[in-house]
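Thanks for coming, everyone. Please have a look at the chain on the screen, and then I will walk through a few of its details.

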Amino acid sequence: VSGATTLENDDPLTAALVLSELDDSYQSDRGLALLRRVANELPVAILQGTGPKFSADGSHVITFPNDAKTVLLWDVDTLDKPVALKGHGGSITDAAIDGQGRRVAVASDDKTVTIWDVDGPREAAVISGYAPTYAVLDRDSIEFSSDGSQVAFLNGKHAVIASAAGSDKPVDLAGHSDAVLSIAFSPDGRHVATTSLDRTTR
């Protein structure tokens, strides 16, 4: 799938048949993610990739294609010709998009986290020297603060907080005795919570 396939049909019978065909194709190709109208559950488009994540303002969505080294950035208004964010030397562990849809953070097992400015796009910062790890139970392993100024990600038994502009030295949050499983910012961005296999939340 080179781009988004949009669907425009309000006839209930035709829509039901289209949905049936889409469900069959989705089952046979896990590289498809479906966006749906909230009101009636009809597909709006079929996008390449899986694991979609929206920006909080709903302006952009990111998906993960099968090559494991690229993140696709889609403009929700057009859903056409996604921007491919790539360049990592290893597999992508996770990615996040800030609340305003201005930046995307991509973590990789090549020991880097790249912050992309959506306009361009261009690399705004590269955070290196860490080994970003996967979250569990569908939790995020990388996340922006609500204002987009900071990004936090998992790093083994630690978590790391860094400036999204790459302007300050990252802060290493140590203290867990086992692997950190998930991370989350408070809504005001003043606190970060981590949960670990050591059965504690800090």
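**Ser 146 and its surroundings**

Leaving out residues up to four places away in sequence, Ser 146 touches Gln 100, Pro 187, Asp 188 and Gly 189, where a contact means heavy atoms within 4.5 Å. Residues are numbered from 1 along each chain as its sequence is written, and side-chain values use heavy atoms, with hydrogens and water left out.

Where does Ser 146 sit? Its place is in the loop between β12 (142-144) and β13 (150-155), strands being DSSP runs of E with at least two residues and helices runs of H or I with at least four, numbered from the N terminus. The side chain of Ser 146 reaches the backbone oxygen of Pro 187 at 2.7 Å. Ser 146 counts as partly exposed because its relative accessibility is 40%, given that buried means under 20% relative accessible area, exposed over 50%, and partly exposed in between, with a 1.4 Å probe and protein chains only.

Between β13 and β14 (residues 158-163) the antiparallel pairing runs over six bridges, and Leu 154 stands opposite Ala 159 in β14.

Let me turn to another residue, His 60, which is found in strand β5 (residues 60-64). His 60 is buried because its relative accessible area is 14%. Beyond its neighbours within four places in sequence, His 60 is in contact with several residues, including Leu 73, Trp 74, Ile 97 and Val 118.

Finally, the whole chain: there are one helix and 17 strands, and buried residues make up 42% of its 202 residues. How confident is the predictor, on average, over the chain? The average pLDDT, which is the predictor's confidence in each residue from 0 to 100, is 77, and 75% of the residues score at least 70. Over residues 6-31, however, the pLDDT is below 50, although this stretch has 29 contacts in the model beyond near neighbours in sequence. Where pLDDT is low, the predicted coordinates should not be read in detail.

Methods. Predicted model: local features only at pLDDT ≥ 70, side-chain atom pairs only at ≥ 80, totals over all residues. Polar contact = N/O pair within 3.5 Å; in protein donor to acceptor, adjacent residues only side chain to side chain. Pairing = 2+ DSSP bridges.
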